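Subject: Structure handover and findings

Hello,

Here is the structure for you to take over. Please open it next to this email.

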Amino acid sequence: MAKIIVPMGAPGAGKGTQARLLQERLGLPQISTGDMLRAMAKAQTPLAEEVRPVLASGKLVSDDLMVQIVEERTSRDDCRDGYVLDGFPRTTVQAEMLERLVVKQGHEIIAILVDVPFELLERRATGRRNCPVCNEIYNVYFKPPRIEGRCDKHPDAELVRRADDNAETIKKRLETYEHDTQPLLDYYESSRRLIVVDGTREPETIYADIEKTVMGDR
Ligand code: AP5
Ligand code: MG
């Protein structure tokens, strides 16, 4: 049975970093709801006007919109053999929708908590920089690019800082996470679908644990 791998964890825990490694090494598409929303927010459309302030506030975009986006994206051909769902579900309503989707698609869920204490998260988020071309994730403290401010793969592209990676919004994102998303961990734990990995180690070490779980269980 194909797997839906769901990296979970607080803002800056390393969900995207691990999701990208899973995509690169196992060929499972990374479906990042945050990346999709940020791309959407750049357009000049009524929807972009709606999404932009929500991203900037650190609150959540409506369940209705998220469910629609995820349903559409995961129904594409590249998701047939499984996928990595990075940033969804974040609420009970989204988790319930995912259960229905899993049944419809004939997949099963494996949730992976990248566990990082709150005090480490701020540096991860404030130090983060992204490539505007390929979305590669860097960090000025922990994973600097070869040339300062430039993507290793796209040296013409200047790395950007996410609009929500400022101290005030990070605080709000953490609160939103604690209130809306953390309770989902119990939900996956109680149905024995949660794996916890220590997210304070090197990304490659964390990835090795995750890959072992995913492959061993396939
Ligand atoms: P989203 O983009 O999902 O943001 P997030 O959950 O806040 O998570 P981040 O992307 O900040 O962190 P990450 O865990 O991916 O960490 P990363 O790997 O980059 O969502 C953004 C917004 O979109 C939300 O606030 C909400 O408004 C909206 N949204 C998205 N999905 C939604 C949904 N389903 N429903 C409603 N609204 C939704 O790593 C962070 C940094 O740390 C990087 O610099 C990285 O290089 C570094 N790093 C990573 N791993 C390590 C390590 N092991 N050691 C040292 N450094 C590391
Ligand atoms: Mg991310």
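Below is what was found in it, topic by topic.

This is a predicted model: local features need pLDDT of at least 70, side-chain atom pairs count only at pLDDT 80 or more, and totals for chains, interfaces and linings use all residues. Residues are numbered from 1 along each chain as its sequence is written, chains are lettered from A and ligands numbered from 1 in the order in which they are written, and side-chain values use heavy atoms, with hydrogens and water left out.

The sheet

An open sheet of 5 strands runs in the order S2-S3-S1-S4-S7, with parallel pairing. Strands (E, at least two residues) and helices (H or I, at least four) are DSSP runs, numbered from the N terminus. Two strands pair if DSSP finds at least two bridges between them. S2 (30–32) and S7 are the edge strands, each pairing on one side only. On average, neighbouring strands are turned by 25° against each other, direction ignored. S1 and S4 run parallel and are joined by 6 bridges. Pro7 has Ile112 in S4 as its bridge partner. Helix H9 (residues 203–216) packs on the sheet and touches S1, S4 and S7. The direction of H9 makes about 160° with that of S7. Axes here are lines fitted to C-alpha atoms, for helices over the stretch in contact, and angles run from 0 to 180 degrees between N-to-C directions.

The cores

The largest nonpolar core has 52 residues. Such a core is a set of buried Ala, Val, Leu, Ile, Met, Phe, Trp, Tyr and Cys residues joined through side-chain atoms within 4.5 Å. Buried means under 20% relative accessible area, exposed over 50%, and partly exposed in between (1.4 Å probe, protein chains only). Leu85, Phe88, Leu98 and Tyr188 have the most contacts inside the core. Strand S4 (residues 108–115) gives the largest share of it, 6 residues. Another core, of 5 residues, lies apart from this one; Cys131, Tyr138, Ala157 and Leu159 are among them. In soluble globular proteins, nonpolar side chains tend to be buried together.

Leu85 is worth a look. Leaving aside neighbours within four places in sequence, Leu85 is in contact (heavy atoms within 4.5 Å) with Ile4, Ile5, Val6, Pro7, Ile31, Val70 and Leu98.

Leu184, Leu185 and Tyr188 are buried in H8. They cover an arc of only 105° around the axis, so they sit on the same side of H8. The arc is that of the directions from the helix axis to the C-beta atoms. Which elements do the buried residues of H8 pack against? They pack against strand S1 (3–8), H5, S4, helix H7 (167–181) and S7. The face of H8 turned away from its buried side carries the exposed residues Asp186 and Ser190.

H7 and H8 pack at about 40°, with their axes 5 Å apart. The pair is therefore oblique. Angles under 35 degrees count as roughly parallel, over 145 as roughly antiparallel, 65 to 115 as roughly perpendicular and the rest as oblique. At this contact, Tyr177, Glu178, His179, Asp180 and Thr181 in H7 meet Pro183, Leu184 and Leu185 in H8.

Backbone points to check

A cis peptide bond joins Phe88 and Pro89, with omega about 5°. Pro89 is in the loop between strand S3 (83–86) and helix H5 (92–105).

Arg192 is not a glycine, yet has a positive phi of about 55°. Arg192 lies in the loop between helix H8 (183–190) and strand S7 (194–198). Arg192 counts as exposed because its relative accessibility is 79%.

Asn135, also a residue other than glycine, has a positive phi, near 65°. Asn135 lies in the loop between strand S5 (128–130) and strand S6 (137–139). At 33% relative accessibility, Asn135 counts as partly exposed.

Two further residues

Asn130 is in strand S5. With a relative accessible area of 12%, Asn130 is buried. Not counting residues up to four places away in sequence, Asn130 touches Asn135, Glu136, Ile137, Leu159, Val160 and Arg162.

Gln105 is in helix H5. Its relative accessible area is 22%, so Gln105 is partly exposed. Gln105 and Arg80 are 25 residues apart along the chain, and their C-alpha atoms are separated by 8.0 Å. Beyond four places in sequence, Gln105 touches Ile4, Thr74, Ser75 and Tyr83.

Best wishes
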